[in-house]
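Please examine the sequence and the three-dimensional structure shown here before turning to the briefing.

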Amino acid sequence: MTTPLGTASSGETPPPQGITEQDIAEYLVHTPGFFERHAELLGAIQLTSPHGHRAVSLQERQMEMLRERIKGLELKIIEMIRHGQENMVMSERLHQWTRSILTTENLAELPGRVVTGLKHQFLIPQGALRLWDVDAAYAQEDFAQGVSEDVRILAASQGGPYCGPGAGFEAAAWLKADADGLPTASIAMVPLRQVGDGAGVATFGLLVLGSPDPMRYSAEMGTEFLTRVGEIASAGLSRLRRAPA
């Protein structure tokens, strides 16, 4: 027999004439004391269990639904705990890297510490950086060489970190193949900036991270963490900048 909610299956008793299944459902929803006055129905009503299609009582079905809900909540809690542990690990690694920057006394070693620290703490296969407008004492260092005007313009134009393929970018050539000799497939380019007092944002370097994994730095990934890395690196490396005239 056809009802407003579908076709009654074999063995089901259709609602009385003129009363729909929706009418019954709304009545039960708005009459919370019904099953208190007719408690015997809780054991008499038979439902189909999703596990094996056997008939179970309403109480049993409610228990099954409750167990399924609890299981779903447990999985969510486990996932939250896992994310929390991962965040703690990332926070500790970032702390260790930041501390190494702050405790480096020989400023000429600082750019190397920034890159090697990132590679070690975050398991990054490839990394390099270049600085410009540095103090004369550091002008002959490797990190101050080989920076074209195109790279400076690119870094200054970046609104934030770039993630994606490295093909076509001059800065990608700064990277060396990883320990297994695999070429770079994806890169992250993080501009290094310092905010002066009323002077605006000055770009004075570019940090480049690379990986042979094409998905390690993809265009779809979030860049909040890389932005934080750029801010910390910029704060430390700004000590190598040339003093304003």
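The structure is a predicted model, in which local features need pLDDT of at least 70 and side-chain atom pairs count only at pLDDT 80 or more, while totals for chains, interfaces and linings use all residues. Residues are numbered from 1 along each chain as its sequence is written, and side-chain values use heavy atoms, with hydrogens and water left out. Helices (H or I, at least four residues) and strands (E, at least two) are DSSP runs numbered from the N terminus.

**Aromatic pairs**

- A search of the whole structure finds two aromatic pairs. Rings of Phe, Tyr and Trp (its six-membered ring) pair if their centres lie within 6.5 Å; planes under 30 degrees apart count as stacked, over 60 as edge-to-face and the rest as tilted.
- Phe-122 and Phe-225 form an edge-to-face pair, because their planes stand at 75°, with the ring centres 5.3 Å apart.
- This pair links distant parts of the chain, since Phe-122 belongs to helix α5 (residues 110-122) and Phe-225 to helix α7 (residues 224-237), 103 residues apart.
- Phe-122 is buried at a relative accessible area of 9%, whereas Phe-225 is partly exposed at 32%. Here buried means under 20% relative accessible area, exposed over 50% and partly exposed in between, with a 1.4 Å probe and protein chains only.
- The rings of Tyr-162 and Phe-169 make a tilted pair, because their planes are at 50°, and their centres lie 4.9 Å apart.
- Tyr-162 counts as partly exposed at 25% relative accessibility, and Phe-169 is also partly exposed, with a relative accessible area of 24%.

**Salt bridges**

- Four salt bridges are found in a search of the whole structure. A salt bridge is a side-chain nitrogen of Lys or Arg within 4 Å of a carboxyl oxygen of Asp or Glu.
- One of them joins the side chains of Glu-86 and Arg-82 at 3.0 Å, N to O. These two residues lie four residues apart in helix α4 (residues 58-102), and are therefore separated by about one helical turn.
- Glu-86 is partly exposed, with a relative accessible area of 39%, and Arg-82 counts as partly exposed at 39% relative accessibility.
- Another salt bridge forms between Glu-109 and Arg-113, whose closest N and O atoms are 3.7 Å apart. Glu-109 is partly exposed at 39%, and Arg-113 is partly exposed at 36%.
- Arg-152 forms a salt bridge with Asp-133, the closest N and O atoms again being 3.7 Å apart. The pair links distant parts of the chain: Arg-152 is in helix α6 (residues 149-157) and Asp-133 in the loop between β5 and α6, 19 residues apart.
- Arg-152 counts as partly exposed at 29% relative accessibility, as does Asp-133 at 27%.

**The second largest pocket**

- The second largest pocket holds about 240 Å³ of space. On a 1 Å grid over the protein atoms alone, a pocket is an open set of points where a 1.4 Å probe fits, with protein on both sides within 12 Å along at least five of seven lines; lining residues have an atom within 4 Å of a point. Grid points are joined across faces, edges and corners, and the volume is the space filled by probe spheres set on the points.
- Its lining has 13 residues, of which Val-115, Gly-127, Ala-128, Leu-129 and Arg-130 lie nearest the centre.
- The elements giving two or more residues to this lining are α5 and β5 (126-131), and α5 gives the most, with five residues.

**Backbone angles**

- Leu-123, in the loop between α5 and β5, has a phi near 55°, a positive value in a residue other than glycine. Leu-123 is exposed, with a relative accessible area of 60%.
- Asp-133 likewise has a positive phi, of about 55°, although it is not a glycine.

**Leu-175**

- Leu-175 lies in the loop between β6 (162-164) and β7 (186-196) and is buried, with a relative accessible area of 10%.
- The C-alpha atoms of Leu-175 and Leu-209 are 7.8 Å apart in space, although the residues are 34 apart in sequence.
- Not counting residues up to four places away in sequence, Leu-175 touches several residues, among them Gln-126, Gly-127, Ala-128 and Leu-209; contact means heavy atoms within 4.5 Å.
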